[in-house]
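Please look over the sequence and the structure below. A short briefing follows, grouped by topic.

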Amino acid sequence: MQGAFRVPTEGKAEVAGRKLVLVDDVLTSGATVDACARALLRGGAASVDVVVFARVVAPGRAPI
């Protein structure tokens with residue numbers, strides 16, 4: 001997921017300094033949400049919160 005998401009230059013003014021909320025339908029490993037949140041923070045967001053409606057927990061793996 002590293003490098004898969006970015007805030008385009010023309011969108012940075014809309015992101016800068018804002019408190020944002022990401023909405024994900026199902027959280028599996030968390031890699032996509034993590035990559036998106038990091039991209040938004042690098043793009044200038046003040047903070048990023050995540051709302052998830054369901055989470056997959058694989059047997060034998062520690063939940064995040």
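How many helices and strands does the chain have? The chain has 2 helices and 2 strands, and from the N terminus on they run α-β-α-β. Helices (H or I, at least four residues) and strands (E, at least two) are DSSP runs, numbered from the N terminus. This is a predicted model, in which local features need pLDDT of at least 70 and side-chain atom pairs count only at pLDDT 80 or more, while totals for chains, interfaces and linings use all residues. Residues are numbered from 1 along each chain as its sequence is written, and side-chain values use heavy atoms, with hydrogens and water left out.

**Overall form**

- Along its principal axes, the C-alpha trace of the chain spans about 40 × 20 × 15 Å.
- Of the 64 residues in the chain, 25% are buried; buried means under 20% relative accessible area, exposed over 50%, and partly exposed in between (1.4 Å probe, protein chains only).
- The accessible surface of the chain comes to about 4800 Å², and 55% of this belongs to carbon and sulfur atoms; accessible areas come from the Shrake-Rupley method with a 1.4 Å probe, and for residues only the protein chains shown count as cover.
- Among contacts between residues at least 6 apart in sequence, 77% join residues at least 24 apart; contact means heavy atoms within 4.5 Å.

**Nonpolar patch**

- Val-21, Val-23, Val-51 and Phe-53 make a nonpolar surface patch of about 420 Å².
- The elements that give two or more residues to this patch are β1 (19–27) and β2 (47–55).
- Patches are made of residues with over 30% relative accessible area and no salt bridge, with like charges joined within 9 Å and nonpolar side chains (Val, Leu, Ile, Met, Phe, Trp, Tyr) within 5 Å.
- Val-21 lies in strand β1 and counts as exposed because its relative accessibility is 54%.
- Val-23 is also placed in strand β1, and its relative accessibility of 58% makes Val-23 exposed.
- Leaving aside neighbours within four places in sequence, Val-23 is in contact with Val-51 and Phe-53.
- Val-23 and Ala-13 are 10 residues apart along the chain, and their C-alpha atoms are separated by 21 Å.

**Charges and the salt bridge**

- The chain has 8 positive and 6 negative charges, whose mean positions are 6 Å apart.
- Lys and Arg count as positive and Asp and Glu as negative, while His and the chain ends are not counted; the place of a charge is NZ of Lys, CZ of Arg, CG of Asp or CD of Glu.
- The structure holds 1 salt bridge, meaning a side-chain nitrogen of Lys or Arg within 4 Å of a carboxyl oxygen of Asp or Glu.
- Arg-38 and Asp-34 form a salt bridge, with their closest N and O atoms 2.9 Å apart.
- Arg-38 and Asp-34 are separated by about one helical turn, because they are 4 residues apart in helix α2 (residues 31–42).
- Arg-38 is partly exposed, with a relative accessible area of 49%, and Asp-34 is partly exposed at 37%.

**A buried charge**

- Asp-24 is found in strand β1 and counts as buried, because its relative accessibility is 17%.
- Asp-24 has no salt bridge, and the nearest side chain of opposite charge, Arg-55, is 11 Å away.
- Not counting residues up to four places away in sequence, Asp-24 touches Val-33, Val-51, Val-52 and Phe-53.
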